[in-house]
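Please open the structure in your viewer and keep the selection tool at hand. The tour below moves from one selection to the next and says what is found at each stop.

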Amino acid sequence: MSPASAALTGHTGGPAEPDVRSSAGPLDEEERAQLGRLRRWGTTGALLMALGATSSYGAATPNPNPVDGVRIIGLISRVSTGALGISYAGMGLLVISWLLLGRLAAPGRARRLSRSQLSHTLAMWTVPFLVTPPIFSRDVYSYLAVGSMALRGFNPYEMGPYDALGDGDVFVHQADGRWQHTPTPYGPAFILIAKGIVAISGQHVVVGVLLQRLVELIGVAGIIWALPRLARRCGLDPVSALWLGALNPLVLFHLIAGGHNEALMLGAMLVGLEWGLGRSWVGGTMLISFAVAIKATAGLALPFLVVALALRRSVGWKPLLRQVILVGAVAAATFAALTVIAGYGLGWINGLGAPGTVRSFLSISTSLAVGAGALGRVLGLGDHTDAAVAVLQPAGTAVGGLLAVGFVWLAWRGVPWINEGRRVPPILALGLALSCFVLLGPVIQPWYLLWAVLPLAAATGDRRFRGAATLFTAAYALIIMPNGMTIPVFTIVQAVVAAAVVAGIMLILLWRSGLPTSVAAPAQTVDDDDHYGAQRQRPAYVPAEVADDTASGRRFAPRRGARSENRQRATGRPSGANRRR
């Protein structure tokens, strides 16, 4: 095992873990048929979401909606409840298809989905989202409004888009009202990108949205490139990593359809980790610093890169300190250069708390604070919700930060009472640290979950971690309205009931045709007459000599002469080769 792989997987000596990349064979005929059905159902779900996106209930459509009054295409936009039902049905079909397809990509499976099969599936499910309005959020319009501010000479760190541009700017008119008066919390690289997009699109909303999505697709491509390579470094199956990471419904819904800048941030962060560990630590550090200049969260990857690089040399403090200085200098120089080029200073630091002004009930600290306020009202103690929020949100952030520091230590040294004293692999520790940071933060959006899921997808095959990531993904993918806004409860109930009926029909049809399993079925056998007239059993898909070993994860060629010996035992006669002897 190379020093880089040893540092990533937590091995510094002794026998290496078995390489799981070569332990699986191709899908058999029945499993390929199951894959085809799941692909088609998932694509149907994506097409239904694209159809529902023509309505203001099915997407964050521009105002006015460009398809209003258009024959046939504009019909759905006039039936809001039906559009929401169509969108929710599509969401359900795609999430269920993803969950079932995961059985064909499960780690340790004897026959597993190939990289090309997964890539084709990703392409089929992605294409319908390329031309839709933003779905699940109006943040893309806020990005474009910030770019419009920068293009017109305003500092986005000093005021909100509405304060700078007023009603006359088309992007301000589309942005969510919560962010119209809020300075942007994003870094200088994001400002430069948004400014460039608006310089090309002008005041054309549709062109601006499509260009923003194109830029985010570059980040998604980075995710697809980096995940399998990081998985190989961690001794994991690349296809399993891509299923949980790149094919994740949160990636499809929020990074591609939603156009969130997390795509570019996460793509640059993961590519930076792979580049820093495999090619050049300088280039990797610069890429992660670029990700920080989009969104500050990516900065959490730098300590874990430092630890992984230091462990290549030794476990002493001197190599660690040396790497801290080198990586810190390159990161500071990169970020300073981007800040100077953008020309807006460090005002983004003051805007980091802007997302926390929204009370997200997905956040543990916010939910506890709101619950404490409600309990106070019930007990007649008064409404102290604001005071509870002011205390618990910073407390949650502090606890999340302390846990992240703890995971850095676990990656560097470990502690005797955790993991039997062994170090936690740095990429896995990064995923766990980001999990704590997200769940204990003041606000959680569904796409924030990808901060943690993507590193975990590449770093661990542990069923506990992957099961939790899968469960959270499925729940968060369905918990937010397609238009990102409030919809009447009765309308939501109608849409959910309609979607449940469609999903039920899908499951019944799939069950009748055969559902995939996470454990490959044993090789099928058929009767066959040999040329001596005796009956013998031969496998339908894999040689009998390797069937048992394939199921256990070991693959090797049958011993020479084994087939002749098997025939001799079955017929009582020596084989041709043995007769000649």
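Begin by selecting Gln323, which is found in helix 15 (residues 317-342); helices here are DSSP runs of H or I with at least four residues, strands are runs of E with at least two, and both are numbered from the N terminus. Gln323 has a relative accessible area of 4% and is therefore buried, where buried means under 20% relative accessible area, exposed means over 50% and partly exposed lies in between, with a 1.4 Å probe and protein chains only. When its neighbours within four places in sequence are left aside, Gln323 is in contact with Trp281, Val306, Leu309, Ala310, Arg313 and Gly328, a contact being heavy atoms within 4.5 Å.

Before going further, note that this is a predicted model, in which local features need pLDDT of at least 70 and side-chain atom pairs count only at pLDDT 80 or more, while totals for chains, interfaces and linings use all residues. Residues are numbered from 1 along each chain as its sequence is written, and side-chain values use heavy atoms, with hydrogens and water left out.

**The whole chain**

Now show the whole protein chain, which holds 24 helices and two strands. Of its 581 residues, 51% count as buried, and among the contacts with a separation of 6 or more, 74% are between residues 24 or more positions apart. The accessible surface of the protein chain comes to about 25,700 Å², with 64% of that belonging to carbon and sulfur atoms; such areas come from the Shrake-Rupley method with a 1.4 Å probe, and for residues only the protein chains shown count as cover.

**The nonpolar core**

Next, select Phe129, Phe253, Leu270 and Leu273, the residues with the most contacts inside the largest nonpolar core, which has 150 residues. A nonpolar core is a set of buried Ala, Val, Leu, Ile, Met, Phe, Trp, Tyr and Cys residues joined through side-chain atoms within 4.5 Å. Helix 3 (residues 80-101) gives the most to this core, with eleven residues. The core also draws at least three residues from each of domain 1 (26-133 + 486-517) and domain 2 (137-236 + 249-461), the bounds coming from an automatic or database domain assignment. Staying with Phe129, and setting aside neighbours within four places in sequence, you will find Phe129 in contact with Ala46, Met49, Leu94, Ile135, Arg213, Leu252, Phe253, Ile256 and Ala257.

Move on to His254, whose place is in helix 11 (residues 249-256). His254 counts as buried because its relative accessibility is 0%, and, apart from neighbours within four places in sequence, His254 is in contact with Phe136, Gly259, His260, Pro446, Trp447 and Ile480.

Then select Leu266 in helix 12 (residues 262-278), a residue that is buried, with a relative accessible area of 1%. Not counting residues up to four places away in sequence, Leu266 touches Ile223, Leu450, Trp451 and Leu454.

**Salt bridges**

How many salt bridges are there? The count comes to eight, where a salt bridge is a side-chain nitrogen of Lys or Arg within 4 Å of a carboxyl oxygen of Asp or Glu. Select Glu31 and Arg109, whose side chains meet in a salt bridge (2.9 Å, N to O). Glu31 lies in helix 2 (residues 29-52) and Arg109 in the loop between helix 3 and helix 4 (115-126), so this pair ties together parts that are 78 residues apart in sequence. Both Glu31 and Arg109 are buried.

Arg111 lies in the loop between helix 3 and helix 4, so its pairing with Glu31 in helix 2 ties together parts that are 80 residues apart in sequence.

For another bridge, select Lys295 and Glu262, where the closest N and O atoms are 2.2 Å apart. Lys295 lies in the loop between helix 13 (281-292) and helix 14 (301-311) and Glu262 in helix 12, so the pair ties together parts that are 33 residues apart in sequence. Returning to Glu31, salt bridges that share partners join Asp28, Glu31, Arg109 and Arg111 into one network.

**A patch on the surface**

Finally, select Val497 in helix 21 (residues 489-513), which is partly exposed, with a relative accessible area of 48%. Val489, Val493, Val497, Val501, Ile505 and Leu509 form a nonpolar patch on the surface, with about 530 Å² of accessible area together. Patches are made of residues with over 30% relative accessible area and no salt bridge, with like charges joined within 9 Å and nonpolar side chains (Val, Leu, Ile, Met, Phe, Trp, Tyr) within 5 Å.
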